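Thanks for coming. I have one structure to show today, and I will keep to what can be computed from it.

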Amino acid sequence: MALAPKFAGQAYSADVNPKAVHTIELYLDYVCPFSAKMFNTVHTSVLPLLPSKYPSKLSIIFRQQIQPWHPSSTLVHEAGAAVLRLAPDKFWSFSAKLFEQQKDFFDVYVVREARNDTYKRLAKIAASVGVDEGEVYGLLEIPDKEVDGGANVGNKVTDDIKLMVKANRLTGVHVTPTVLFNGIVENSISSSFTAEQWDEWLEKNVGASK
């Protein structure tokens with residue numbers, strides 16, 4: 001599936017994006033422990049392989065998959081959308097920090113917290129990777145008064161979230177993590193994949209002869 005330019009920060013390529021001939025899409029949720037496990041392996045062990053082993057041959061896309069049975073899932077992905085707006089080159093670094101702290105946004109740790117207070121914590125995480133904290137919060141903050149007679153107004157990244165959700169629904173993805181390879185669900189890849197298994201899989205499917 002194509003990637004809208006406004007979400008270009010979700011993609012990591014070993015070289016110039018248009019040269020990538022294979023695409024891996026990772027459908028991940030920031031408050032899913034299994035997504036965190038997969039992301040950590042990919043971020044620390046797979047992405048570093050791309051420039052040397054698969055230049056111009058592979059693009060990896062982080063598809064933000066909101067899981068609505070965790071109410072905070074929407075909030076954390078809104079923060080990801082805010083980072084994409086402000087500093088797309090920081091998206092993967094922000095995601096790494098958020099996954100490190102994902103437990104802080106599990107159900108029991110947000111149930112008594114006001115929504116805007118959760119956003120403030122997320123903005124601080126963005127600041128830790130060099131994104132302006134005030135600008136992130138400005139995109140996330142929900143007004144406490146009606147706007148032009150409307151009370152269900154969302155925030156400044158609501159429309160971006162709608163586009164992400166719409167695109168993801170077209171694939172029929174439900175569980176996280178889910179991996180697509182060139183548009184097809186790749187069930188052989190799981191969250192338990194080690195760095196060595198990723199290396200072996202990539203060599204077989206994306207190697208020089210492919």
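Predicted model: local features only at pLDDT ≥ 70, side-chain atom pairs only at ≥ 80, totals over all residues.

In secondary structure, the chain has nine helices and five strands. Read from the N terminus, the order is β-β-α-α-β-α-α-α-α-α-α-β-β-α. The chain is as compact as a globular protein of 210 residues, because its radius of gyration is 17 Å and the globule rule gives 17 Å for that length. Along the principal axes, the C-alpha atoms fill a box of roughly 60 × 35 × 35 Å.

Now some totals. Of the 210 residues, 45% are buried. If we take contacts with a separation of 6 or more, 76% of them join residues 24 or more positions apart. The accessible surface is about 10600 Å², and carbon and sulfur atoms account for 53% of that area. As for charge, there are 22 positive and 24 negative side chains, and the centres of the two sets are 3 Å apart.

Next, the strands. How do S2 and S3 pair, and over how many bridges? They are parallel, with seven bridges between S2, residues 22-28, and S3. Within that pairing, Leu-26 has Phe-62 in S3 as its bridge partner. S2 also pairs with S4, this time in the antiparallel sense and over four bridges. Glu-25 is the residue that stands opposite Leu-180 in S4. So S2 has a parallel partner in S3 and an antiparallel partner in S4, because pairing here takes at least two bridges between the strands.

S2 is largely enclosed by the rest of the structure, because six of its seven residues are buried. For S3 the count is seven of seven. In a regular strand, side chains alternate between the two faces of the sheet. In S3, Leu-58, Ile-60, Phe-62 and Gln-64 point one way, while Ser-59, Ile-61 and Arg-63 point the other way. Both sets are buried, with Gln-64 and Arg-63 among them.

Is Tyr-54 buried or exposed? Its relative accessibility is 0%, so Tyr-54 counts as buried. To give a sense of distance, the C-alpha atoms of Tyr-54 and Lys-166 are separated by 31 Å, and the two residues are 112 apart along the chain.

Last, the backbone. Most residues other than glycine have a negative phi, and most peptide bonds are trans. Ser-56 has a positive phi of about 65° and is not a glycine. Ser-56 sits in the loop between H2, residues 50-53, and S3, residues 58-64. Asn-182 also has a positive phi, near 50°, and is likewise a residue other than glycine. Asn-182 belongs to the loop between S4 and strand S5, residues 184-185. With 38% relative accessibility, Asn-182 counts as partly exposed, because that class runs from the 20% to the 50% cut-off.

Which two residues does the cis peptide bond join? They are Thr-176 and Pro-177, with omega at about -5°. Pro-177 is in the loop that runs between helix H8, residues 158-171, and strand S4, residues 178-181.

That is what I had; I am happy to go back to any of these places in the viewer.

Notes: Residues numbered from 1 in each chain as written. Heavy atoms only, no water. Helix = DSSP H or I, 4+ residues; strand = E, 2+ residues; numbered from the N terminus. Rg over C-alpha atoms; globule rule 2.2 N^0.38 Å. Buried < 20%, exposed > 50% of the residue type's maximum accessible area, 1.4 Å probe, protein only. Contact = heavy atoms within 4.5 Å. Areas by Shrake-Rupley, 256 points an atom, 1.4 Å probe, with all protein chains shown as cover. Lys, Arg positive; Asp, Glu negative; His and termini not counted. Charge placed at Lys NZ, Arg CZ, Asp CG, Glu CD.
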